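Reader: Please walk me through the chains, helices and strands shown below. Keep it brief.

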Amino acid sequence: MDPVAAKYIGAGLACLGMGLAAMGVGNIFGNYLSGALRNPSAADAQFGRTFIGAALAEGLGIFSLVVALVLLFVA
Amino acid sequence: MANPIEQFEIKTLVPLGKIGGTEIAFTNSALFMVGAVALITIGLTAATARRSLVPGRFQAGAEVLYEFVAKTLREAAGHDAMQFFPLVFSLFTFVLTCNLLGLVPGFFTVTSHVIVTASLALLVIGTVIVAGFVKHGFHFLGLFVPSGVPFWLLPFMIVIEVVSFLSRPISLSLRLFANMLAGHIALKVFAGFIVSLGALAASGGVTGILGVAGATLPLAMAVGLTALEFLVAALQAYVFTILTCIYLHDALHPGH
């Protein structure tokens, strides 16, 4: 295969990881919301923790974005 | 169409000479960093210049900002972490101001460069390591030894904990950098669609009607994305701050 084509295919494949990270982040906020609707008084205390979880899940998706950017612009 | 990466280009404004083979210069990045610091300093000084018991509009804003960061730090790292409040508050306001300044059209986004966010992340991790060793000596290394783990599992757990600790500055810096970079690239790509489809609309005829419809859609998307970027700018500054607080918690209270 042409190495340039392989590079672009690889960058596209790396972006799949971002979609999977989106599922993770959506899962966290969806569960936070369903928990918050069941017990609104406890919601505010868990707000920070929700964002920590979302940040950690999102971080892994961002690693795949970085892989894609490195393939496109650096490698 | 304009290159969406072009906006991140570092331009030399005032060359300051060379150290070794490396050029030292006052760049547009440095200009916006100085601008952000000046904006924060002048804004907060002006807001608290005439302190009154019943705060005015600007003083109330400054107090809300102070209380927000203080509450985040106290909840995530405990009351004794307030000695690090100046660091955490500076980080939050600097990252927030740089993110928001970058959203002004034509302005340079300082935090979209990994070298800037990596420096901030290394500052945080360096503080955590130094504070941990100063406060707890070699007990700080207890951070890497989870309690309640069977002894045959310990070597693996220690390796995992060390790797997870070392990946913290990487993920902390990459998260902020990649969010700002990706957001600004997306904005620029949609803005490019407006221009190219707008040119089609200007050509007139049947394709012109298609072009009008085609250019309106990305324009609406660009407006929506800009609103989303404001959310992301504030959110990423908050995430950077709260993760800093959690890492400081590890330095002050090592051991699981």
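**Contacts and packing in the model**

Author: A:Val4 is found in helix 1 (residues 3-14) of chain A; helices are DSSP runs of H or I with at least four residues, strands are runs of E with at least two, and both are numbered from the N terminus. This is a predicted model, where local features need pLDDT of at least 70, side-chain atom pairs count only at pLDDT 80 or more, and totals for chains, interfaces and linings use all residues. Residues are numbered from 1 along each chain as its sequence is written, while chains are lettered from A and ligands numbered from 1 in the order in which they are written.

Reader: Is A:Val4 buried or exposed?

Author: Buried takes 20 or more other C-beta atoms within 10 Å of a residue's own, exposed 12 or fewer, and partly exposed lies in between, with C-beta atoms placed from the backbone. A:Val4 has 8 C-beta neighbours inside 10 Å, so A:Val4 counts as exposed.

Reader: How far apart in space are A:Val4 and A:Leu72, C-alpha to C-alpha?

Author: In sequence, 68 residues separate the two. In space, C-alpha to C-alpha, A:Val4 and A:Leu72 are apart by 9.5 Å.

Reader: How many residues of chain B are in contact with chain A?

Author: Contact means C-beta atoms, placed from the backbone, within 7 Å. Chain A contributes 10 residues, and chain B contributes 13.

Reader: How are helix 3 and helix 6 of chain B oriented to each other?

Author: Helix 3 (residues 85-102) and helix 6 (residues 205-252) of chain B have axes 8 Å apart, at an angle of about 160°. Axes are lines fitted to C-alpha atoms, for helices over the stretch in contact, and angles run from 0 to 180 degrees between N-to-C directions. Under 35 degrees is roughly parallel, 65 to 115 roughly perpendicular, over 145 roughly antiparallel and the rest oblique. Helix 3 of chain B and helix 6 of chain B are therefore roughly antiparallel.

Reader: In which sense do strand 1 and strand 2 of chain B pair?

Author: Pairing needs at least two DSSP bridges between the strands. Strand 1 (residues 12-19) and strand 2 of chain B share 5 bridges. B:Val14 stands opposite B:Phe26, and B:Lys18 stands opposite B:Glu23. The sense of the pairing of strand 1 and strand 2 of chain B is antiparallel.

How values were computed:
Two residues are in contact if their C-beta atoms, placed from the backbone, lie within 7 Å.
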